[in-house]
Amino acid sequence: ELAAVNMGLTIKEAIDRVRGLTRNVETIHNIFVVDNENRLVGILPLDKFILAGPDEMVANIMDKAEICATTNIDQEEVANIFKKYNLVTLPVVDEARRLMGRITIDDVVDVIEEEASEDIMRMAGMDAEELIYESKALKASKLRVPWLLTNLLGGLATGYLLWLFKVTLKDVLALVTFIPVITGMGGNVGIQSSSLMVRGLATGHVDLLNLKKILLKEFKVGVILGTICGSGAGITALLWHKNPMIGIVVGVSMITAMTVAASMGTLIPAFFKLIKVDPAIASGPFVTTANDITGILIYLGTATLFLKFFYNFHA
């Protein structure tokens, strides 16, 4: 379903050719130009086609076909090409550059909606097939269970870390009150960073070449947000428990945890992209679980280092 003419035709001959195709082609945006072996050599915009003289040769007025898609290209990459070059139609060729078909902008709109829905589902640790709401409960459960098991293992690891630091928690029980805050804030920052990273990788604004720049920016964001939130949490801890050391530990831990979380939220999707796994799956379970574990390690590790000072202030 496309309009293609041979480069050796005149404009008059090409018009006659296109008129004969109108029954099979729903809409015509561009005329594709091929050689005798049906290899794509050029594209003829409709305005040039209509305004050209009848005796002019198609080969003399056509534009070179520099942008095209191959038959094995991913549909998401096609959508990015349309966006980058503001196209309304794109020719599709095989390995020998023979013209196989075309993709139109209305096809791409459907692809964008499909890919966006798929990314959202994967970021939640689910599968795009769940959009079929009539699917059976057992099938839907099977799709979700791998990601929930990832969170389960992460939760068990977090519980084990709490057990390892039981001496610290026993001696300074007030530390328990800030565990949800530390892990929660780190998880939120990590999800924000990973969501931005996944979106950037999907749209082409972020690649592995400018990863260092993005990582440095997210590191700075983590420091700034950590300082703001850590100061507030530290002051709250001081006023609540009347012990300056608890305020210091909470504040320092939150700054460190949020900075690490922002960095991990950037690196984990990049790692998945590097090993050719869809980065969208990293935004939910993996980033959250990793940040919970590192948050507990940072918080209770910091508290253990300052443990001897707690008694001095308490006395």
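Is the crossing of α10 and α11 left-handed or right-handed? In this predicted model, the crossing of these two helices is right-handed, and the helices α10 and α11 pack at an angle of about 150°, with their axes 9 Å apart. Because an angle over 145 degrees counts as roughly antiparallel, α10 and α11 are described as roughly antiparallel to each other. On the side of α10, the residues that meet α11 are Val249, Val250, Val252, Ser253, Thr256, Ala257, Val260, Ala261, Met264, Gly265, Ile268 and Phe272, and on the side of α11 their counterparts are Phe286, Val287, Ala290, Asn291, Thr294, Gly295, Ile298, Tyr299, Thr302 and Ala303. Sorted by class, the contact of α10 with α11 comprises 15 nonpolar and seven polar residues, with no charged residues.

Helix α8, which spans residues 179–203, also packs against α10, which spans residues 244–274. The axes of α8 and α10 come within 8 Å and cross at roughly 30°, which makes α8 roughly parallel to α10. In passing α10, helix α8 makes a right-handed crossing. The residues of α8 that take part include Val181, Ile182, Met185, Gly186, Val189 and Gly190, and Ser193, Ser194, Met197, Val198 and Leu201 of α8 belong to the contact as well. They meet residues of α10, among them Val250, Ser253, Met254, Ala257, Met258 and Ala261, together with others including Gly265, Thr266, Pro269, Ala270 and Lys273. By class, this contact of α8 with α10 holds 15 nonpolar, seven polar and one charged residues.

The axis of α8 also comes within 8 Å of the axis of α11 (residues 285–305), and the two cross at roughly 140°. This angle makes α8 oblique to α11, and the crossing in which α8 passes α11 is right-handed. Here Ile179, Ile182, Thr183, Gly186, Gly187, Gly190, Ile191 and Ser194 in α8 are in contact with Val287, Thr288, Asn291, Asp292, Gly295, Ile296 and Tyr299 in α11. The residues of the contact of α8 with α11 fall into six nonpolar, eight polar and one charged.

Two sheets are described next. Strands of a sheet pair through backbone hydrogen bonds, and the pairing may be either parallel or antiparallel. Strand β3, made of residues 40–45, runs antiparallel to β4 and is joined to β4 by two bridges; Ile43 has Asp63 in β4 as its bridge partner.

Lys12 and Asp16 are separated by about one helical turn, because the two residues lie four residues apart in α1. In total, the structure holds seven salt bridges.

A further open sheet consists of three strands in the order β5-β6-β7, again with mixed pairing. The strands β5 (69–70) and β7 (99–104) stand at the edges with a single partner strand each, so one side of each is left without a neighbour in the sheet. Strand β5 runs parallel to β6 (residues 89–93), and two bridges join β5 to β6; across this pairing, Ala69 stands opposite Val92 in β6. Helix α4, which comprises residues 75–85, lies across β5, β6 and β7 and runs at about 135° to β6.

Technical notes
Residues are numbered from 1 along each chain as its sequence is written. This is a predicted model: local features need pLDDT of at least 70, side-chain atom pairs count only at pLDDT 80 or more; totals for chains, interfaces and linings use all residues. Side-chain values use heavy atoms; hydrogens and water are left out. Axes are lines fitted to C-alpha atoms, for helices over the stretch in contact, and angles run from 0 to 180 degrees between N-to-C directions. Angles under 35 degrees count as roughly parallel, over 145 as roughly antiparallel, 65 to 115 as roughly perpendicular and the rest as oblique. A crossing is left-handed if the near helix is turned anticlockwise from the far one by less than a right angle, and right-handed if clockwise. Contact means heavy atoms within 4.5 Å. Ala, Val, Leu, Ile, Met, Phe, Trp, Tyr, Cys and Pro count as nonpolar, Asp, Glu, Lys and Arg as charged, and the others, Gly among them, as polar. Two strands pair if DSSP finds at least two bridges between them. A salt bridge is a side-chain nitrogen of Lys or Arg within 4 Å of a carboxyl oxygen of Asp or Glu.
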